[in-house]
Amino acid sequence: IPFHNEEKNLTILCHEIDKELVKDSINYEIILIDDGSTDSTLDELKKLKPVRIISFAMNFGKSQALQAGFNAASGEYIFTMDGDLQDDPAEIPHFLEEIKRGSDLVVGWKQKRRDGLSKGLVSKIANGITGWATGAYVHDMNCGYKLYKSHVAKGLLLTGDHHRYIPAIVASKGYKVSEQKVHHRERKFGESKYGNFGRFFKSFFDFITIILLSRFSSRPMHIFGMFGFVTGTVGFLILLYMSWLIVVEDVFVG
C-alpha cells in the first residue's frame with residue numbers, strides 16, 4: 001500500500017484487511033510504503049503490529065513506491081491497494097478466485113466511481129486512448145486495486161508515471177490480464193493526491209514509452225519509420241503542389 005499523508009485512513013484500512021484475511025485463514029503480510037508523508041501518518045503506523053513500513057525521505061511518486069513494495073514482498077501473490085479507504089478489502093477473496101482461473105494480473109474495475117464526475121471522465125478518456133494505442137483494453141487501467149502473481153510484479157521496472165499503464169506493460173510481456181468488478185467507496189478523510197486533466201501532460205512521455213514497449217518492443221525503428229513516412233509524404237505533396245504552380249500555372253513562388 002503506497003501512501004502520502006493518509007493519517008486518518010491507514011489504521012482503519014489495516015484493521016479491515018486483518019479482519020478479512022484472518023476470517024479466510026490466509027497467510028499474509030502488509031507492506032506500507034510512506035512516500036514522503038509530512039503529517040503524522042508514520043507515527044500512527046508505528047503503533048500497528050505486525051506491519052512492514054518502508055519510508056521515503058521525500059515524495060518520489062507512486063511508481064517508485066510500488067516498486068519498493070514489489071521488491072520487498074515475499075508472498076505467492078501481491079495485492080496493491082490505495083491508502084485512502086476507497087478500496088474495499090472485502091473484495092480480496094473475489095480477486096483470488098479470479099487469479100486462480102489462470103490470470104497473471106487481475107485489475108480492479110470500479111463499478112460506481114465515488115471520486116467525482118471530472119475524474120471519472122478523465123479516466124474514461126485515458127483508458128480509451130491507452131487501450132487504442134497499446135492494444136490492452138481494460139476498463140480501469142489506473143485502478144490501484146490489483147492482484148499480481150509474484151513473478152509478474154517483481155518483473156516490472158516502474159519509473160516516472162508507469163504505474164498508470166501497468167496492465168499494458170504486463171500484457172506486452174505476454175501475460176494474461178483480466179478484470180474484477182469492485183465496490184468503490186467514497187473518501188472520508190483527506191484529499192486526493194492526484195490531479196485531473198493536468199496529469200495528462202505529466203505522463204505524456206511515459207505514455208510514449210509504453211507505446212514503444214507494448215507495440216514496438218521487437219521493432220522499435222518501425223515507429224520512427226512510420227513517422228518518417230507520414231512527414232515525407234506530406235513534404236512530397238507540398239513540393240508537388242509548388243511545382244504545379246510554377247510549371248503549369250506560371251506562378252512565381254519565393
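Reader: Are Arg187 and Asp84 buried or exposed?

Author: This is a predicted model, and in it Arg187 is buried, as is Asp84. To read such a label, remember that buried stands for a relative accessible area under 20%, whereas exposed stands for one over 50%.

Reader: What do the side chains of Arg187 and Asp84 form where they meet?

Author: The general idea is that a side-chain nitrogen of Lys or Arg has to lie within 4 Å of a carboxyl oxygen of Asp or Glu to count as a salt bridge. Here the side chains of Arg187 and Asp84 form a salt bridge, with 3.7 Å from N to O. Because Arg187 sits in the loop between β7 (177–182) and α8 (198–202), while Asp84 sits in the loop between β4 (77–80) and α4 (92–99), the pair ties together parts that are 103 residues apart in sequence.

Reader: Which residue forms a salt bridge with Asp88?

Author: That partner is Arg185, and the closest N and O atoms of the two are 3.8 Å apart. Arg185 lies in the loop between β7 and α8 and Asp88 in the loop between β4 and α4, so this pair ties together parts that are 97 residues apart in sequence. Arg185 counts as buried at 17% relative accessibility, and Asp88 is buried with a relative accessible area of 14%.

Definitions and conventions: Residues numbered from 1 in each chain as written. Predicted model: local features only at pLDDT ≥ 70, side-chain atom pairs only at ≥ 80, totals over all residues. Heavy atoms only, no water. Helix = DSSP H or I, 4+ residues; strand = E, 2+ residues; numbered from the N terminus. Buried < 20%, exposed > 50% of the residue type's maximum accessible area, 1.4 Å probe, protein only.
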